[in-house]
Amino acid sequence: MGSFNFNLNKSNTYDAIVIGSGITGGWAAKELCEKGLSTLVLEKGKMVDHIKDYPNADKDAWDDTFRGMLSDEDKAKQHVQVRSGYINAFSRNFFTNDLENPYQEVQRFDWFRGNQVGGRSITWGRHTYRWSDLDFEANAKEGIAIDWPIRYKDIEPWYSYVERFIGVAGEKRNLPHLPDGDFLKPLEMNCIEKHFADHVQDGFNGRPVMMGRVAHLTETKPWHAALGRGTCQNRNRCGRGCPFGAYFSSNAATLPAANNTGKLTIRPNSVVHSIIMDKNTNKAKGVLIIDSETNNTIEVFAKIIFLCASTLSSTQILMHSKSERYPNGLGNESGELGHNVMDHHHNVGAMGSYEGMKDSYYKGRKPAGLFIPKYVNLNDQTKQSTFKRGFNYQGGDAIRKSWNRGVNEVGVGASFKDSLMNPGDWHLSIMAFGEVLPYHENKVTLHPTLTDKWGIPQLVIDAGFKDNEWNMRKKMKTDAQEMFEKAGFKNIKAFDNPTALGNSIHEMGTARMGKDPKTSVLNAHNQVHGIPNLFVTDGACMTSSNSVNPSLTYMALTARAVDFAVGELKKQNL
Amino acid sequence: MNRREYIQHSTLFLGYTLVSGTVMSLLASCEQEAKLPWTPTFFTKAEAATLSAITETICPATKTPGANDIGVPQFIDLLTNNLLGQKEQAFFKKGIEDINADANKQFGKDFDLCDTTQKEQILIALDKSSAPTGMTMWGKPMEENPAPLSFYRKIKNLTLMAYFTSEKIGKNYLAYDPNPGKFEACRPYHNEPNWTES
């Protein structure tokens with residue numbers, strides 16, 4: 001892999017600028033570079049070189065003095081990030097410092113950020129699911145918010161295009177509401193997962209239970225191997241960065257692919273202040289950045305700008321790019337910029353133990369669990385009276401319990417300790433992820449006086465769940481319990497700890513796509529209404545949330561938008 | 001093994017260790033004050049001796065090493081010093097003091113001077129009276145308002161964690177396989193140890 005070019009050219013001028021290097025920024029960079037455009041990627045955080053900058057990838061628990069536990073002082077530095085549950089001494093380097101990146105919560109909102117090259121593509125959950133027209137048509141059919149300006153047929157070829165490149169392990173199930181993709185061979189269920197899946201399918205009228213469709217290489221195609229990517233080694237240390245490049249990240253795949261074209265310049269430590277507008281043409285002409293190491297401000301210029309800074313950061317940049325012409329920020333003619341914050345709602349489900357199959361075990365740590373696709377509100381037969389839309393379940397542990405079962409068992413002493421050396425009962429947990437409706441009043445704004453250390457106004461987040469989500473959660477919980485009962489589990493415990501918006505780390509909305517500039521920020525090609533060379537393709541663009549993990553859709557929309565943008569550029573429409 | 005079987009096993013074990021436990025406590029009574037074989041960073045020597053006795057009661061040396069062989073009390077002492085805030089540090093000191101007070105009330109001597117049966121009796125009672133740790137999934141609590149944990153539940157958690165995630169146990173007594181390569185979804189189980197956690 002060639003090393004990256006970090007230095008600006010003499011004129012600070014490129015064909016294209018991409019703001020952000022996460023899952024969508026990486027895709028925008030790859031597509032723009034491969035179409036022959038000289039491209040500058042701006043990243044707020046530090047450089048993370050694939051493999052070289054994964055310092056904890058090969059560490060065992062004992063390689064950290066406190067086995068990954070953090071001090072109260074360290075937790076205070078990441079007081080929001082710790083709400084994710086994912087922060088320990090081995091993973092915290094890929095989560096932001098909350099003290100240096102403050103925001104205001106009117107209602108609790110968990111904003112998890114990865115300010116580094118690769119962004120949260122290093123730490124993402126890797127589940128990848130297509131949307132269907134059931135999802136794209138839902139707003140229009142139910143009269144909620146506004147209609148999506150696209151349908152499944154518009155995005156379908158881009159789903160395939162993205163899936164092939166990233167590599168998705170998945171099983172085809174021929175479900176109209178969860179379309180099959182271009183899959184590598186699926187992950188395999190272990191004994192307890194098979195047992196659960198069989199009983200749920202038999203006991204609930206064929207309700208499908210499958211292995212999660214995840215962006216992991218279970219086999220290596222030539223285009224994966226060409227980037228140095230290999231197959232999953234079943235280590236389950238994914239969030240620390242994968243030295244095998246087995247799961248998809250910007251660092252392992254899109255940025256190296258972009259770099260291979262010789263067209264890429266990447267500039268870490270570049271805090272975006274605002275988008276620079278050309279008053280005469282009413283186009284975006286560049287970006288004003290602050291070098292976080294020198295505090296110098298620099299202007300960089302391009303014909304096309306892709307805003308991929310992550311949902312809320314992209315909106316923050318648009319809001320902060322104020323001028324006489326745009327007193328309320330760019331793309332805010334509709335007044336919708338910052339509104340309709342969504343996420344998913346989760347942390348509800350059930351777990352249980354199974355006393356049989358003591359003669360079976362497994363080898364290796366699979367990187368993902370089960371997936372139970374949405375099965376409510378698909379049609380008249382499955383229509384719910386108390387809530388709209390639906391939810392899916394994702395499996396957590398599917399294991400034989402390890403030593404930590406001993407913490408709550410009554411017992412001390414020799415036989416107790418010795419018993420903990422061996423696996424205990426089988427244990428399975430599943431958690432539901434539900435759709436959150438787009439509510440105008442769930443919003444972000446810029447604080448009138450509070451800023452961060454670069455003088456950029458802090459984001460104020462005021463968003464919460466409403467009745468549709470609360471009603472849905474009741475069914476998410478009871479259905480989970482019923483499935484465990486049907487599958488003969490013992491010690492079944494259903495749980496519901498709603499936490500807050502943001503906690504699913506699927507935050508989206510605030511610069512939604514739509515057909516009408518009066519009610520939306522972006523058009524069907526992710527172009528900012530009225531500013532044809534400015535595109536927003538991260539989660540900010542979403543018009544509704546569905547219940548599945550959104551990254552695949554973001555990536556497909558990004559590749560599609562680049563294809564459109566470069567076509568328009570060639571036609572001299574930009 | 002279910003909970004009832006565990007208790008049965010523990011009961012059997014109590015009879016078996018009575019003799020060696022008594023011998024150990026006699027030895028301990030001679031040596032304890034004079035030489036704790038390590039210097040605590042946070043706890044007093046007396047507190048550290050109690051702590052050592054608690055961790056060794058939970059995880060005694062058998063055919064596999066005990067908590068003290070692994071340095072579990074040293075780990076907890078350093079962790080209390082380096083990671084915990086003042087309030088939690090005070091809670092840990094109070095917890096040790098309470099267990100000692102319990103031992104004095106029941107058996108007329110400090111916890112570390114009790115014999116194994118007495119020590120186990122004290123800790124098992126705390127096991128029964130202490131709330132369990134709340135459910136978690138993906139590292140997050142799944143109960144909205146989990147009950148606050150007792151000192152005992154915390155120390156038991158730390159003891160087992162420090163013991164089973166140690167290099168000695170992880171590499172030599174559990175099944176160490178940091179790079180499994182292939183995933184075998186279902187394979188026959190023949191009483192081999194747990195996989196070392198990644």
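The model is predicted: local features need pLDDT of at least 70 and side-chain atom pairs count only at pLDDT 80 or more, while totals for chains, interfaces and linings use all residues. Residues are numbered from 1 along each chain as its sequence is written, chains are lettered from A and ligands numbered from 1 in the order in which they are written, and side-chain values use heavy atoms, with hydrogens and water left out.

Of the 574 residues of chain A, 66% count as buried, that is, under 20% relative accessible area; exposed means over 50%, and partly exposed lies in between (1.4 Å probe, protein chains only). Among contacts (heavy atoms within 4.5 Å) in chain A with a separation of 6 or more, 73% are between residues 24 or more positions apart. The accessible surface of chain A, by the Shrake-Rupley method with a 1.4 Å probe, is about 19,600 Å², and carbon and sulfur atoms hold 46% of this area.

Chain A has 12 helices and 18 strands. These are DSSP runs numbered from the N terminus: H or I of at least four residues for helices, E of at least two for strands. Pairing requires at least two bridges found by DSSP between two strands. Between β9 (residues 344–354) and β16 of chain A, which run antiparallel, there are five bridges. Gly349(A) stands opposite Phe495(A) in β16(A).

Most residues other than glycine have a negative phi. Asn205(A), not a glycine, has a positive phi of about 60°. Asn205(A) sits in the loop between α6 (191–203) and β4 (210–211) of chain A, and counts as exposed because its relative accessibility is 80%. In chain B, Asn191(B) likewise has a positive phi, about 65°, without being a glycine. Asn191(B) lies in the segment after β3 (184–188) of chain B and is exposed, with a relative accessible area of 59%.
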